[in-house]
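My notes follow, in the order I looked things up.

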Amino acid sequence: MMRCFKRAVGCVVLAFAVLGTASAAPGPFDQQAASIQALAPVGTDIVYAGSFGLGMFRSTDRGVTWTKSGEGLSDPFILSLVTTKDGVVYAGTFRGGIFRTKDQGKSWQPLNAGLKRKEIKTLLAVGDVIYAGTSDGVYRLNGDRWSVVTNGLDDVLVHSLAQSADGTLYAGTSGKGVLRYKANSTGWVRLHHGLKDHEGMVENFIRVLTIDPEGGIYAGTFDGGVFLSADGGSTWRPISRALPNDSIRGILFNNRGLFVATGHGIFKTTDKGRQWVPINNGLTSMAVQVLVESANRSLYAGTNAGAFRSDDDGKSWSAINQGLEGEVAPPPFLFR
């Protein structure tokens with residue numbers, strides 16, 4: 001029933017559930033573990049954590065302890081984070097747009113010139129270029145101003161972005177599936193051949209996109225599992241028939257395998273999806289929202305109830321929540 005409802009009216013209910021707000025909203029001054037929606041390691045020891053309602057946190061000891069890092073960051077509902085090679089960090093928020101810090105999180109400045117709307121679902125850094133996926137399409141940062149990458153995604157919520165080695169940009173959207181934009185082309189092209197569920201319905205709601213070193217594109221859907229394209233998105237095939245949960249929140253590829261974060265834990269495959277192995281030992285919250293890897297190969301997972309770190313490729317996880325708590329801001333939406 002949820003799947004049919006979602007396809008009829010969009011991802012509103014499902015998206016709220018992902019953010020941990022489908023149940024009764026907490027009071028404005030309740031103390032609770034942070035719901036971590038975004039993580040960004042810098043080097044081997046520094047990690048930024050963006051929460052939904054508690055603002056930004058920063059750790060200098062691989063998550064053992066955290067401190068608030070939010071001066072100037074006016075929206076405590078953080079949806080996305082990205083860092084550049086020179087240490088600059090960008091944060092995308094639910095209702096306040098984009099913020100940037102150049103002083104290791106001591107202060108943040110808004111960076112919204114050129115944006116039509118301020119819901120920022122994803123940020124992508126490729127070299128010196130920064131892209132933003134918003135509720136009104138894809139933008140690129142030019143100096144201190146954002147400009148639309150190209151027309152065709154007006155009023156479309158972009159959940160994820162990825163760029164291939166040849167500069168082709170891919171966007172995972174809510175409602176229009178996966179789209180591709182090649183430099184100097186006329187605009188976005190929708191890619192849906194083979195991107196269908198077991199009922200034959202096209203997967204229109206894409207939460208995650210990842211490209212491996214060989215050019216394989218992985219698309220994680222809201223409730224249809226994972227798909228792989230080996231030809232630049234022209235055709236897709238499902239690779240998650242054996243995956244216990246089809247709500248995909250993160251995809252991470254390294255030379256030890258493919259890791260997928262879902263609504264019910266983290267799984268790993270070393271044979272491109274023929275077999276998935278759960279790697280959840282130590283996770284006390286299975287609603288994983290984000291999965292990233294640091295420079296020293298540690299894995300960090302953000303969940304609806306704090307953050308976790310693994311130093312052995314997910315064989316075991318340790319909670320890293322000291323300081324990841326506080327007074328929850330009034331929710332940006334309420335269910336009636």
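**The hairpin, then its neighbours**

I started at a hairpin: β3 and β4 form it with four residues between them, and in the turn G53 has a positive phi of about 115 degrees. Strands here (E, at least two residues) and helices (H or I, at least four) are DSSP runs, numbered from the N terminus.

Before going on, I noted that this is a predicted model, where local features need pLDDT of at least 70, side-chain atom pairs count only at pLDDT 80 or more, and totals for chains, interfaces and linings use all residues. Residues are numbered from 1 along each chain as its sequence is written, and side-chain values use heavy atoms, with hydrogens and water left out.

Next I checked the pairing. β3 (residues 46-51) runs antiparallel to β4 over four bridges; two strands pair if DSSP finds at least two bridges between them. Across that pairing, V47 sits opposite S59 in β4.

β4 also has a partner in β5 (residues 67-68): the two are antiparallel and joined by two bridges. There I found F57 opposite K68 in β5.

Which way do the side chains of β4 point? From this strand (residues 56-59), M56 and R58 go one way and F57 and S59 the other, and all are buried. Buried means under 20% relative accessible area, exposed over 50%, and partly exposed in between (1.4 Å probe, protein chains only).

Most residues other than glycine have a negative phi.

N184 has phi near 70 degrees. I located N184 in the loop between β16 (178-181) and β17 (189-191). Is N184 buried or exposed? It is exposed, at 78% relative accessible area.

D313 is another, with a positive phi of about 60 degrees. D313 lies in the loop between β28 (306-310) and β29 (318-319). This residue is buried, with a relative accessible area of 16%.

**Whole-protein numbers**

I finished with the totals. The protein has two helices and 30 strands. Of its 336 residues, 57% count as buried.

For contacts (heavy atoms within 4.5 Å), I looked at those with a separation of 6 or more: residues 24 or more positions apart account for 46% of them.

The accessible surface comes to about 14,300 Å², and 50% of that belongs to carbon and sulfur atoms. The areas come from the Shrake-Rupley method with a 1.4 Å probe; for residues, only the protein chains shown count as cover.
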